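Hi,

Here is the model we talked about, with the sequence alongside. Have a look, and then read on for my notes.

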Amino acid sequence: MNRKPITNIVEIIKTDLKSTVSNPIVTIVLIAIIILPSLYALLNILACWDPYENTGNIEFAIANLDQGAYVEGDHINVGNELVKELKNNTKFKWTFVSEKELREGVFNGRYYAGIVLPKNLSENVVSILSDNPKQADLEYVVNIKSNPVATRITDSGANTVYTSLNAKIVQIINLAAYDKLGELQAGLAQGASQLASGGGQLQSGANQVSAGASQVKTAAGQVKNGAGQVKNGAGQVKNSAGQVSSGAGQIKKSSTKVKQGSTKVKKASEELESAVDPSLIPDGPVKKYAEGNSELAKGSSSLADGSVKLANGSVKLAEGSVQLANGSSQVAGGASELADGSVELTDGSLSLAAGAELLGTSAAGALFAAAGALGSSANQLSAITGVNETLIGDYFYSPVKLDRQEMFSVPDYGSNVAPFYLVLSMWVGALITCVMIEPKSSAGTKYTPTEMYFGKLMLYVILGILQSCVTIVGAQILGVYITNYPLFIFSVIMVSVIFMILIYSIISAIGTVGEGIVVILLVLQISSTGGVYPIQIMHNFFQSLYSYMPMTYGINLVREAQLGVVWGNYIPALIILLIIGIITVIVSVLIKTKADKSSKYFQERLEQSGLF
């Protein structure tokens, strides 16, 4: 570029600067152009400064029809308790009315919304303690037509009532469970006492078993010794029984011989008696002899009969002796077995006594341990059930506390949305400036399109810087929260300059068509830059535009500088904005060089219509 183009550019700049101060009307218009964008941003920020803190001015109607219910003889009214809580809640302007007033008020728009607490509210709430629990119903009445944002806000009010009621139900349930813990604690304590008492009795029984075991041990020893003696005696009996059996056999043989001899004697005595009759013999020695023989015969006969009887008795005695011998042998064998069994019984008695003593001692120890464990559990439950019921009720009402830890904390909502409105105002300011001070075409002048482009650009850049400075001062006066003033000032000015270059370049290159494009970009960027609502909840179309919108990076740049910088977010946004500015300048110069005359012709035709 030679010296003449630079001279022409400087000449254009000087002419524009001179025009700004030579005419008061122009000066006033320029001042308005400088101030208007800041007003756009600051008024919107002020309007949104703390909207959710002002919901206390929104009337929310409550109609309490609850008739209460009895629980274990105590009357409760959940509806009245909710009303008391809401009276201390400043989130909304709670208005307590009849059911008729509520429905009419919501219908005609006096109230945005209302909740009807039914007659059986308490009854259904306490039914959770019965075998037939019933769900408690609330009627939420809301006028959707009245205001789109108000209905969303009143939804949070309905949720407040809903949450309070659910918390109250949980409190009732848990307090009932808490009472059951008290009963369990008492039962455990009593059970521990009974187990300890039983353990003592069992220990006493174990001691008695131990003493008895000693006696069993002594007696078992005696039985063992006696069993040995019985076994020896049984052996002697068995031997004697053998001798008796042998003697009985000899007696049986002898008695047979006696029986045979007795028979012969009896027969001879009968013959002698029949042969001699002493009555026929004269008195004298012969007669006495005869009489003696007769008596001898009779005696022999009696002796023979007695011998026979003796022989028969001897046989029976011999047979009995054999049976006695056999029985004695069996008795001896049984006595021997009894002696062996007595020894085994003695050993078993000793084992049983030792086991009984061990069982008694172990069982007593186990009962004492169980009693100790139950006693410990009872003490632990006692520590719980001994807590004040008011405190435990508060705990059950909110058993978990959410500890909120804020990163890059912002004191008010207005400061939080300030980056969006500040950047939006810079786009609007650049658009107003370029519409009110129309970029000139080089057609019909001594300047080339490039000279005209750069010569006029300086005025717009200066106006953009002034607009951003007014906005920065206004934000400070309004009290917008700023963490890094130097970086914030630099970022706001940078965004304003880039936007001014961008919009000026588009309109300068293609004229009125460029104005339409800039307006379309403005509309699209309101919803596709994530300035207020997260881009993730927006329509897919706007999500797809997010990365291509200049305001996306302008908002990120100002947000990082104002609310707490993260360089990993700040530097990429700054680089992309600079790239946008450089590419815009290059492309615009190329387009303006080729289309400057056509753009001028198009503009003249619009002006000739009388509409533009």
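Let me start with Glu-99, which is partly exposed because its relative accessible area is 28% (buried means under 20%, exposed over 50%, partly exposed in between, with a 1.4 Å probe and protein chains only). Arg-103, at 32%, also counts as partly exposed. The side chains of these two, Arg-103 and Glu-99, meet in a salt bridge at 2.9 Å, N to O (a side-chain nitrogen of Lys or Arg within 4 Å of a carboxyl oxygen of Asp or Glu). Both sit in helix H4 (residues 99-107), four residues apart, about one turn of the helix. Salt bridges with shared partners join Glu-99, Arg-103 and Glu-139 into one network.

A word on what you are looking at: this is a predicted model, where local features need pLDDT of at least 70, side-chain atom pairs count only at pLDDT 80 or more, and totals for chains, interfaces and linings use all residues. Residues are numbered from 1 along each chain as its sequence is written, and side-chain values use heavy atoms, leaving out hydrogens and water.

The mean pLDDT (the predictor's confidence in each residue, from 0 to 100) is 75 for the chain, and 60% of its residues reach 70 or more. Helices here are DSSP runs of H or I, at least four residues, numbered from the N terminus.

How many salt bridges does the structure hold? There are five. One of them pairs Glu-11 with Lys-446, their closest N and O atoms 3.1 Å apart. This pair links distant parts of the chain, 435 residues apart: Glu-11 is in helix H1 (residues 3-22), and Lys-446 is in the loop between helix H9 (413-436) and helix H10 (449-478). Asp-16 and Lys-456 form another, at 2.9 Å, N to O. Here helix H1 is linked to helix H10, across 440 residues, and both Asp-16 and Lys-456 are buried.

Finally, helix H15 (residues 567-608) holds Ile-582, which is exposed because its relative accessibility is 54%. Thr-584 is in helix H15 too, but is buried at 10%. A polar atom of the Thr-584 side chain lies 2.6 Å from the backbone oxygen of Ile-580. Beyond neighbours within four places in sequence, Thr-584 is in contact (heavy atoms within 4.5 Å) with Ile-501, Leu-502 and Ser-505.

Best wishes

Methods
Helices (H or I, at least four residues) and strands (E, at least two) are DSSP runs, numbered from the N terminus. A polar contact is a pair of N or O atoms within 3.5 Å; within protein, one must be able to donate a hydrogen and the other to accept it, and residues adjacent in sequence count only if both atoms are side-chain atoms.
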